[in-house]
Amino acid sequence: MKNASLPISIEKITKKYGSTYALDHVDLEIRSGEFLTLLGPSGSGKTTLLTVLAGFTRPDGGSVRFGDAEMVCVPPHQRDVGMVFQSYALFPHMTVFDNVAYGLRVKKMSATEIKKAVAEVLDSMSLSHLANRAPNQLSGGQQQRVALARAMVVRPKVLLFDEPLSNLDAKLRAQMRVEIRNIQRRLGITSIFVTHDQDEAMSLSDRIVVMRNAVVEQVGTPDEIYRRPSSVFVADFIGRSNFLAVESAAKSKAGKAKIVVSGKKMDVAAQSKALSSKRPVLLVRPESINVTAAKSSSKKLGKGEGRVTSVVFYGNHVEYTLETNEGVIVAVVSDPIYEEIVAVGKVARYSFDPSRAWLLPSDSIEAMNGERE
């Protein structure tokens, strides 16, 4: 059975430490039952926002509502919130069963009710056989599942995750992502997940909130954030990017721009502020670029040509780095024919489908440098 979950409304939340904003008038609407990820580099404000929702941090101004209830002055233990920490935070002197049962005992549930509820959650997370073990007898992945079970057994209306997978190795992280998402969907708990890991954000989220310098830079689905980022910062932070210089740009039909790039005329989709930017740039993801051997091996590169400086063969794809007259371009070609791979030092032609490109304003590109982790 699904939990009764809550929508969350955040309005003009502000938090300052001295003269520095940790949160600068942040507005955000979180839907009931949604899995929302706060993503951004260190210092972007994502963890501060999470602790405001948990009640551990009192904001200097603004409003936080769970449903219709104002929560800013409500202490953490009265918020009906579960939290999963990066450090697991298990009680070392208690068994797995007692760790999971702790919150239910605080609520003064009967022993019979506690036994039934703990047994159900341990079984759902494949932990039943570990019920009598101490935390130091568990692997990292098992400890994280216990921490998750402890947060979920009290059936909170809101579940908060503070970078819970960062201490696990890559294989365990991938497994835990699947487990967390499946459990969250089954229970329908409104969930907010903090991470600086783009892969986690993309694989877990209904929507992603990209934060930067104490403000929200963009909110969207994983596809929207990846395919249609609002800025050069978001494009560069989410995945890998090529930013191609645009030789000319003019308005075309609705939502489109007529541009010249790499000597070719094309119509591309454009961000709303791109054409008013002094120097718009074209975002093309590496996997959208095709690479073929050039007919000429001339030292002088033509439009749409680059000299191959690196080739890495991964079996199911090959990754090229090209030096072009427009700058360095990275291309990822899937399912390559090994004999057709262009060797280092050779000239290659690169091309892309304009429908896979996105025109962006580049006014903030210099300010972005150095911010990405």
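How many nonpolar, polar and charged residues does the lining of the largest pocket have? The lining has 13 nonpolar, five polar and four charged residues. This is a predicted model. The points below cover its two largest pockets, a largely enclosed helix, an aromatic cluster and two arginines placed over rings.

**Largest pocket**

- The largest pocket holds about 660 Å³ of space.
- The pocket is lined by 22 residues, and Val81, Gly82, Met83, Gly103 and Val154 are the closest to its centre.
- Strand E6 (81–84), helix H2 (96–106) and helix H4 (140–152) are the elements that give two or more residues to this lining.
- H2 contributes the largest share, four residues.

**Second largest pocket**

- About 220 Å³ of space lies in the second largest pocket.
- Eleven residues line it, with Glu120, Val121, Ser124, Arg155 and Leu187 nearest its centre.
- Helix H3 (111–124) and helix H5 (170–187) each supply at least two lining residues.
- H3 gives the most, with four residues.
- By class, this lining divides into seven nonpolar, one polar and three charged residues.

**Helix H1**

- Helix H1 covers residues 46–54, and eight of its nine residues are buried, so the rest of the structure largely encloses it.
- The buried residues of H1 are Lys46, Thr48, Leu49, Leu50, Thr51, Val52, Leu53 and Ala54.

**Aromatic pairs**

- The structure holds six aromatic pairs.
- Phe35 and Phe161 have ring centres 6.0 Å apart and planes at 25 degrees, so this pair is stacked.
- Phe35 belongs to strand E3 (residues 35–39) and Phe161 to strand E7 (residues 158–162), so the pair ties together parts that are 126 residues apart in sequence.
- Phe35 is buried, with a relative accessible area of 0%.
- Phe161 also counts as buried, at 0% relative accessibility.
- Phe35 and Phe193 have ring centres 5.8 Å apart and planes at 35 degrees, so this pair is tilted.
- Phe193 lies in strand E8 (residues 190–195) and Phe35 in E3, so their pair ties together parts that are 158 residues apart in sequence.
- Phe193 is buried, as is Phe35.
- Phe35, Phe161 and Phe193 form one aromatic cluster.

**Arginines over rings**

- Arg150 lies over the face of Phe91, 5.6 Å from the ring centre.
- Arg285 places its charged end over the ring of Tyr226, 4.0 Å from its centre.

Methods:
Residues are numbered from 1 along each chain as its sequence is written. This is a predicted model: local features need pLDDT of at least 70, side-chain atom pairs count only at pLDDT 80 or more; totals for chains, interfaces and linings use all residues. Side-chain values use heavy atoms; hydrogens and water are left out. On a 1 Å grid over the protein atoms alone, a cavity is a set of points where a 1.4 Å probe fits but cannot get out, and a pocket is an open set with protein on both sides within 12 Å along at least five of seven lines; lining residues have an atom within 4 Å of a point. Grid points are joined across faces, edges and corners, and a volume is the space filled by probe spheres set on the points. Ala, Val, Leu, Ile, Met, Phe, Trp, Tyr, Cys and Pro count as nonpolar, Asp, Glu, Lys and Arg as charged, and the others, Gly among them, as polar. Buried means under 20% relative accessible area, exposed over 50%, partly exposed in between (1.4 Å probe, protein chains only). Rings of Phe, Tyr and Trp (its six-membered ring) pair if their centres lie within 6.5 Å; planes under 30 degrees apart count as stacked, over 60 as edge-to-face and the rest as tilted. A charge sits over a ring if NZ of Lys or CZ of Arg is within 6 Å of the ring centre and within 35 degrees of the ring normal.
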